Amino acid sequence: MPPFPDAPKPDADVIVIGAGPAGMAASVDLARAGRRVIVLDMQPGPGGQIYRGLEANLAEGAAAGALMTALGPAYAAGADLIRAFRGTESIDFRPGHTVWEVRRDGTVGWLQGTKAGYLRAAHVVLANGAMERPVPFPGWTLPGVMTAGAVQTLLKAGQMKPLGRVAIAGTGPLVFLLADQFRRLGVRPVMLARTDRLRDQIGALPRLRLPAVPSLAKGAGWLARLRLAGIPMARGVTGIEAVGATKVEALRLWRGRQLTEVACDLLVVHDGVVPSIDLAQGAGARIEWNQGLQAWQAATEEDGVMVPAPGASLVDGPCRILMSGDARQIGGAEAAMAHGRHVAAVLLAQGQSASRTRLRKSLLPRRFLEAAFPPGLSASLPTGNTTVCRCEEIDAAGLDGLIRAGAQDIDQIRGLSRCGMGPCQGRHCAVTLARMIAAQTGRAPVPFRARPPVRPLPLAALAALAGRDPRLTEIVSLDDKPVVGVDV
Amino acid sequence: MFASVVPIGHPVTIHFDGRPIPAREGETVAACLMRAGVPAFRRTPVSGGPRLPYCMIGHCFDCLVEIEGQGSQQACLVGVAEGMRIRLQNGAAGVGGGA
């Protein structure tokens, strides 16, 4: 029996956050088994970033044929899952919803336009995916510098290709895939500057397992076609700079001391992807540094149940949050689907061991890729007047000065400098600042403390919040800090 | 900087700083403005420097614009609508929502 008679009733059995491959796969299996599922996603349609715009492109048929051909079979492969997702009518899909809070008791705060509110479910599946690794280099805030994922979004959902001189810098499969997609659309990059070296790939060979062979062959195919097309390629790039006054005009790249300058109108950068930890961290997850990935991950139990960090929380009781897909562990689309199905099997308490085996197998290729294409653009820490915090325009020298003066707590530096206090809430500077501090202290990087709302929430939306828990609107304490439980 | 791969069939019209821009139904404000080649979505509150979208998936907040008088809207997450009025966001959004 609930401790209070006016406790709000759950809105669903499961709330799934993210309608990418993991979220779609989980919600289809859960809904087909009779569970009431609400799916929230920021974007206007299902698919996540990997299958972004796929539904609309398929609906256009022959008109979008050339685009679909250029995007390739791995993109079109999402069609079956999207169809299954749309075809499962009992799924309550709510696109255009930004989630700004998740609590471990199953409460989820949402924002759509200027409306906001809370929903509740017995379980929450966090399938909010990945983001591209932040890459602070001189000039990275100039108009015309974009991530590979951003340009892919323009391709998939904007149906557009770049014009003029396009330079690509970074590492990882996405770099080759994007360059090959450009090639098919008749766009010839003026430079493909790679940070990885042959010795990275050779060193990664012992990690190669049979399930990785198809993706390896695919990658080799992209590379061979790029070489055939005569696209200029540099390897072992140790540093880059974007040059320009009000927009990018050239890419400078260093290989050791050797400098090359290439004029360009668009500079596409990519340094691999890392899990989005914002929602998990806001929900109180224990955040761990993964040295191999050079990124943070939320701690989870074997089957994906989020592990809360010790300390105060707004709510008590068991953790009702499960993590899935790239948000839990980077693996790409196929692994994310297996991950989504596994989370559903766990929640339905059926056949977890089979789905766990499929998930493990689907994650195997990643071990090779991680070693073969290690972080490059972000490998060395920024210095001097290179921007670290894009929002507040704080450079490395200023932060370095604070660290050397003895400020070695990341939250203290946030308070002193405003680094991480802009609208992106530290998404693009936290890892850099934390690594700068770690370089001094020798301890593992620690992120900013994160409290909800983890995304900007208009005051008008907050004032008219729907679905509030009446228990939490009563003033029961004058402390401004969260307390464990509500019965204080 | 960008050109359509697929012709825009029945465009809707949005306005950026008074300039009419054809948009594809269902696309985001950011995609449409990138195709139109606007030189900046916003000027930063600190240095006044120009910014264009960086990530396009809702993380970087460099695509902030003023939409229908409401400042600090993420152009990469808001869908276009016929007659929508968008302005470059100059610095921080003011009290009352406008830029």
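## Basis of the description

A residue is called buried when its relative accessible area is under 20%, exposed when it is over 50%, and partly exposed in between, with a 1.4 Å probe and protein chains only. By this rule, 55% of the 99 residues of chain B count as buried, and 54% of the 488 residues of chain A.

The model is predicted: local features need pLDDT of at least 70, side-chain atom pairs count only at pLDDT 80 or more, and totals for chains, interfaces and linings use all residues. Residues are numbered from 1 along each chain as its sequence is written, chains are lettered from A and ligands numbered from 1 in the order in which they are written, and side-chain values use heavy atoms, with hydrogens and water left out.

## Chain A overall

Chain A has 17 helices and 22 strands. Helices (H or I, at least four residues) and strands (E, at least two) are DSSP runs, numbered from the N terminus. The C-alpha trace of chain A spans about 70 × 60 × 45 Å along its principal axes. Its radius of gyration is 23 Å, which agrees with the value near 23 Å for a compact globule of 488 residues. The radius is taken over C-alpha atoms, and the globule rule is 2.2 Å times the number of residues to the power 0.38.

Contact means heavy atoms within 4.5 Å. Among the contacts in chain A between residues at least 6 apart in sequence, 69% join residues at least 24 apart. Chain A carries 55 positive and 41 negative charges, and their mean positions are 7 Å apart. In this count Lys and Arg are positive and Asp and Glu negative, while His and the chain ends are not counted; the place of a charge is NZ of Lys, CZ of Arg, CG of Asp or CD of Glu.

## A parallel sheet in chain A

Five strands of chain A form an open sheet in the order 8-16-10-11-12, with parallel pairing. Strand 8 (145-147) and strand 12 (233-234) of chain A stand at the edges with a single partner strand each, so one side of each has no neighbour in the sheet. Two strands are said to pair if DSSP finds at least two bridges between them.

Within this sheet, strand 10 (residues 166-171) and strand 16 (residues 266-271) of chain A pair in the parallel sense over six bridges. G170(A) has H270(A), in strand 16 of chain A, as its bridge partner.

## Two buried residues of chain A

H97(A) is in the loop between strand 3 (92-94) and strand 4 (98-102) of chain A. It counts as buried because its relative accessibility is 7%. Leaving aside neighbours within four places in sequence, H97(A) is in contact with L40(A), D41(A), M42(A), W110(A), L111(A) and Q112(A).

V125(A) belongs to strand 6 (residues 115-126) of chain A. With a relative accessible area of 0%, V125(A) is buried. Beyond neighbours within four places in sequence, V125(A) is in contact with V14(A), I15(A), V16(A), I17(A), L322(A), S324(A), V343(A) and L347(A). V125(A) and T432(A) are 307 residues apart in sequence, and their C-alpha atoms are 29 Å apart in space.

## Chain B overall

Chain B has one helix and eight strands, in the sequence pattern β-β-β-α-β-β-β-β-β. Its radius of gyration is 13 Å, close to the 13 Å that the globule rule gives for 99 residues, so chain B is as compact as a globular protein of that length. The C-alpha trace of chain B spans about 40 × 25 × 20 Å along its principal axes.

Of the contacts in chain B with a separation of 6 or more, 42% are between residues 24 or more positions apart. Chain B exposes about 3800 Å², and carbon and sulfur atoms supply 53% of this area. The mean positions of its 8 positive and 7 negative charges are 7 Å apart.

## Strand 2 of chain B and its partners

Strand 2 (residues 12-16) of chain B is mostly covered, with four of its five residues buried. Five bridges join strand 2 to strand 3 (residues 19-23) of chain B, and the two run antiparallel. In this pairing T13(B) stands opposite P22(B) of strand 3. Strands 2 and 3 of chain B form a hairpin with two residues between them, and D17(B) in the turn has a positive phi of about 50°.

Strand 2 of chain B is also joined to strand 8 (residues 85-90) of chain B, by two bridges and in parallel. Here H15(B) stands opposite R85(B) of strand 8.

Definitions and conventions. Accessible areas come from the Shrake-Rupley method with a 1.4 Å probe; for residues, only the protein chains shown count as cover.
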